[in-house]
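Dear colleague,

Please find the structure below, handed over for your records. My notes on it follow directly after.

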Amino acid sequence: MKVVIAGAGVMGLMLARELAETGVRVCLLDKSEAGREASWAGGGIISPLYPWRYPQAVTALAGWSQQYYPELIAALYEQSGIDPELSEEGLLMLHVKDAVEAKAWSANLQKTPAQHAPNTPAWLQSISDEKLGALEPNIALADAYKEQALWMPRVASVRNPRLLKALKNFVYTHPRIEVKEKSELISFQEKAGGVSISLACTERIEADKMVICAGAWSARVLNLPTIQVAPVKGQMLLFDAPRGLLNRVVLSDGRYLIPRRDGKIVAGSTLEHAGFDKQTTEDALDSLRQSALTILPALARCPVIKQWAGLRPGSPNGVPYIGKVPGYKQVFINAGHFRNGLVLAPASVRLMRTLLTNETPPFDAEPYGCERPRTKSLVS
Ligand SMILES: Cc1cc2nc3c(=O)[nH]c(=O)nc-3n(C[C@H](O)[C@H](O)[C@H](O)COP(=O)(O)OP(=O)(O)OC[C@H]3O[C@@H](n4cnc5c(N)ncnc54)[C@H](O)[C@@H]3O)c2cc1C
């Protein structure tokens with residue numbers, strides 16, 4: 001079987017790996033450079049922010065992926081020699097307004113499926129002032145923060161640009177994967193038992209099946225009213241900080257800090273509905289810097305060395321589309337992961353693979369189907 005994947009972000013790259021490993025031939029297309037859009041721009045937190053606020057469909061994918069991430073990262077490091085820098089230091093959440101709901105969500109998960117047992121990333125607890133101070137001595141411990149701090153000790157993060165480099169190394173060296181960058185899909189047609197794909201450069205590619213993994217551009221590619229995926233811009237900053245200033249991901253009032261292994265700290269993020277515009281702005285710089293300093297005052301002495309923006313693929317309630325595209329037999333979609341594409345990718349591509357190869361899915365595929373009613377609120 002030959003599968004064309006349109007879009008080489010984390011979804012397309014991981015799906016190519018997943019399929020090639022099971023013997024499928026893959027042609028992976030990207031309109032520009034592989035792994036340089038949302039997947040590169042993201043923060044690399046291997047958990048939804050405030051995970052209890054998402055539907056069960058997101059929790060199910062996140063739980064599966066979180067279990068699988070350490071094994072995946074170890075395999076990619078070995079295959080590519082590039083270390084995606086998985087850090088398993090947990091997630092601290094300050095100033096949580098719905099802590100009661102959060103604890104109920106975690107307790108409920110721990111009662112049911114094995115994948116959410118107490119030693120897993122869904123394990124959430126209150127944290128004492130002493131413990132908080134011991135874990136992160138440099139964060140601002142105003143009373144309002146201490147009062148409602150929560151701690152998810154098993155949540156990890158990765159340095160996503162390195163993860164993408166490792167995945168790119170894998171797809172470029174795998175004998176069953178052909179990679180075509182600067183190759184934009186502009187149209188496609190189903191024909192007996194397959195799909196014919198036209199690229200902007202006028203080349204045509206024939207395949208048995210095709211999967212749209214075009215992130216925020218997916219609805220544009222498919223042009224179907226049922227597929228509601230829209231760009232949601234996110235801006236980020238990078239601080240040049242000394243090692244040890246911060247040790248783990250800290251989230252407060254919707255803004256977060258992510259320490260990298262070399263000491264640098266990523267500060268995110270804005271949520272903007274600005275179409276496909278990716279310009280960075282002074283307003284976002286000021287606002288993100290202010291939020292970062294409120295959490296970690298010592299950042300006032302650290303220069304901002306980079307600012308960037310990416311386009312999240314927003315979808316109804318953040319539940320991705322993983323399945324067959326309505327009206328087609330051989331055309332599929334794996335897109336719309338909104339704020340959680342890095343954490344959801346392993347589970348999402350495993351489900352997609354099983355749908356393409358007619359294996360038994362690892363979990364119920366129904367919530368991710370494309371035949372959902374249209375909704376007014378695109379993202380939560
Ligand atoms: C600021 C920010 C912070 C984030 N932080 C996190 C986080 O901490 N944790 C987390 O889990 N998620 C995070 N996310 C979300 C995550 O980055 C996305 O959900 C994820 O990267 C989506 O992956 P994707 O492969 O679907 O899309 P993308 O990475 O955008 O890839 C889509 C690809 O498709 C290509 N393409 C588009 N149209 C065509 C076409 N016609 N033909 C060929 N190729 C095409 C594009 O060039 C692109 O390379 C963040 C996102 C942003 C912007």
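Which residues point one way from strand 8, and which the other way? Gly 194, Ser 196 and Ser 198 point one way, Val 195, Ile 197 and Leu 199 point the other way, and all are buried. Buried here means under 20% relative accessible area, exposed means over 50%, and partly exposed lies in between (1.4 Å probe, protein chains only). Strands (E, at least two residues) and helices (H or I, at least four) are DSSP runs, numbered from the N terminus.

Before the details, two remarks on the source. This is a predicted model, in which local features need pLDDT of at least 70 and side-chain atom pairs count only at pLDDT 80 or more, while totals for chains, interfaces and linings use all residues. Residues are numbered from 1 along each chain as its sequence is written, and side-chain values use heavy atoms, with hydrogens and water left out.

Strand 8 and its neighbours

Strand 8 covers residues 194–199; six of its six residues are buried, so the strand is largely enclosed by the rest of the structure. Strand 7 (residues 185–191) pairs with strand 8 in the antiparallel sense over six bridges; two strands are taken to pair if DSSP finds at least two bridges between them. Within this pairing, Val 195 of strand 8 has Glu 190 opposite. The two strands form a hairpin with two residues between them, and Gly 193 in the turn has a positive phi of about 70 degrees.

Strand 9 (residues 204–207) also runs antiparallel to strand 8, joined to strand 8 by four bridges. Here Val 195 has Ala 207 as its bridge partner. Four residues lie between the strands of this hairpin, in which Thr 202 takes a positive phi near 75 degrees.

The chain as a whole

The chain has 10 helices and 17 strands. Its radius of gyration is 20 Å, close to the 21 Å that the globule rule gives for 380 residues, so the chain is as compact as a globular protein of that length. The radius is taken over C-alpha atoms, and the rule is 2.2 Å times the number of residues to the power 0.38. The C-alpha trace spans about 65 × 45 × 45 Å along its principal axes.

Of the 380 residues, 59% are buried. Among contacts (heavy atoms within 4.5 Å) between residues at least 6 apart in sequence, 74% join residues at least 24 apart.

Individual residues

A cis peptide bond, with omega about -20 degrees, joins Gly 268 and Ser 269. Ser 269 is placed in the loop between strand 14 (265–268) and helix 9 (282–295).

Lys 182, a residue other than glycine, has a positive phi near 50 degrees. Lys 182 lies in the loop between strand 6 (177–180) and strand 7, and counts as exposed at 68% relative accessibility.

Asn 317 is not a glycine either, yet has a positive phi of about 60 degrees. Asn 317 sits in the loop between strand 15 (304–314) and strand 16 (321–324) and is partly exposed, with a relative accessible area of 38%.

Glu 371 is found in the segment after helix 10 (341–357) and is exposed, at 65% relative accessibility. Glu 371 and Val 325 are 46 residues apart in sequence, and their C-alpha atoms are 8.6 Å apart in space.

With kind regards
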